[in-house]
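Please read the points below with the structure open beside you.

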Amino acid sequence: MNLPEPLPPEFVEPLARAAARLGLFARQILWYPDVSSTNDLAATLAESGAPEGCVVSANAQSAGRGRQGRSWASPAGAGLYVSTILKPAQHALSLLTIAAGVAVADGIHAATGLVPDLKWPNDVFISGRKAAGVLAEAASSGAGTYVVLGFGINVLPAAYPPEVAPRATNLEREVGRAVDRGLLLAECLCSLAARYQDLESGRIESVVNAWRSHAAATLGRRVRWHAAGGVLEGAADTIDENGALVVRTSTGLARITAGEVQWV
Ligand code: BTN
């Protein structure tokens, strides 16, 4: 049985200072030394009645998961591995992962001064390398419909697997000094609470515009993706009000709603 432990001291003070801005995440922030995946543990807790806003964080994950069936390297103490339980209104669902990408980018900026760039839908890049990612998983059961929204941030240099190391970066490498993981967690949760509130209150435009303003290095860039008819290519134009990526191709505009694109 995996039991939570008290939050490490480095997290307590920043979270206490941010309490008034944590919104729905102020209720319960759980900390575990080592889990398989915080997304899996959050889903188990949601099934047993954990409320919306419950935050599950861990010092290490032995089976951290990424998007598209990939794994997420989660060495002990080297990153933030965090999942939240959300119960969004139907109208907020399509933009939830877009909003989460914005929130993580803003949280990194607030805690470090770095200016991350977003690659559709929610990969967080710094200096052309991936520093953070978001994994949202929805489920319906006796506990109702809920979304486990997880994010992982590479904070310290660590032994990342050789297949990701050349394309990955970490915040300390980029900022050139120690990064306070407690402050980073607090700022990411505050941003996520605010963006979630935007979505729930129908402030769609604000979320979409924030994403666009973080994606200057993505928009206008040539991308390639797998579609039903084969591999397509075009120039990323914008995202629409549902979070779909709009791409200008030789035959007109295409809307990509799922999966991911490759930079050409
Ligand atoms: C991606 O592929 O970019 C998404 C990575 C998401 C990783 C986080 S770490 C916390 C949470 N638990 C997981 O198993 N995955 C997410």
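1. Arg-224 has its bridge partner in strand 9, and that partner is Glu-233. Strand 8 and strand 9 (residues 230-239) run antiparallel and are joined by 6 bridges. Together strand 8 and strand 9 form a hairpin, with 2 residues between them. Strands here are DSSP runs of E with at least two residues, helices are runs of H or I with at least four, and both are numbered from the N terminus. Two strands count as paired if DSSP finds at least two bridges between them.

2. The model is a predicted one, in which local features need pLDDT of at least 70 and side-chain atom pairs count only at pLDDT 80 or more, while totals for chains, interfaces and linings use all residues. Residues are numbered from 1 along each chain as its sequence is written, and side-chain values use heavy atoms, with hydrogens and water left out.

3. Strand 8 also pairs with strand 12, in the antiparallel sense, over 2 bridges. Here the bridge partner of Val-223 is Trp-263, in strand 12.

4. Arg-222 lies in strand 8. Is Arg-222 buried, exposed or partly exposed? Arg-222 counts as partly exposed because its relative accessibility is 41%; buried means under 20% relative accessible area, exposed over 50%, and partly exposed in between (1.4 Å probe, protein chains only). Leaving out residues up to four places away in sequence, Arg-222 touches Glu-233, Gly-234, Ala-235, Gln-262, Trp-263 and Val-264, where contact means heavy atoms within 4.5 Å. Between the C-alpha atoms of Arg-222 and Glu-260 the separation is 13 Å, and these residues are 38 residues apart along the chain.

5. The largest pocket has a volume of about 860 Å³. It is lined by 40 residues, and Arg-70, Trp-72, Asp-123, Lys-130 and Arg-167 lie nearest its centre. Among the elements that give two or more residues to this lining are helix 2 (38-47), strand 6 (129-141), strand 8 (222-227) and strand 12 (262-263). A pocket is an open set of points on a 1 Å grid over the protein atoms alone, where a 1.4 Å probe fits, with protein on both sides within 12 Å along at least five of seven lines; lining residues have an atom within 4 Å of a point. Grid points are joined across faces, edges and corners, and the volume is the space filled by probe spheres set on them.

6. The second largest pocket has a volume of about 430 Å³. Of its 22 lining residues, Leu-93, Ser-94, Thr-97, Ala-136 and Thr-257 are the closest to its centre. Helix 3 (96-112) and strand 6 are the elements that give two or more residues to this lining, and strand 6 gives the most, with 5 residues.

7. Which members of the largest nonpolar core touch the most other members? They are Ile-108, Ile-153, Leu-184 and Leu-189, in a core of 65 residues. A nonpolar core is a set of buried Ala, Val, Leu, Ile, Met, Phe, Trp, Tyr and Cys residues joined through side-chain atoms within 4.5 Å. Another core, of 13 residues, lies apart from it and includes Val-35, Val-56, Ile-85 and Val-148.

8. Ser-191 is in helix 5 (residues 181-200). Ser-191 is buried, because its relative accessible area is 14%. Beyond its neighbours within four places in sequence, Ser-191 is in contact with Ala-103, Asp-106 and Gly-107.
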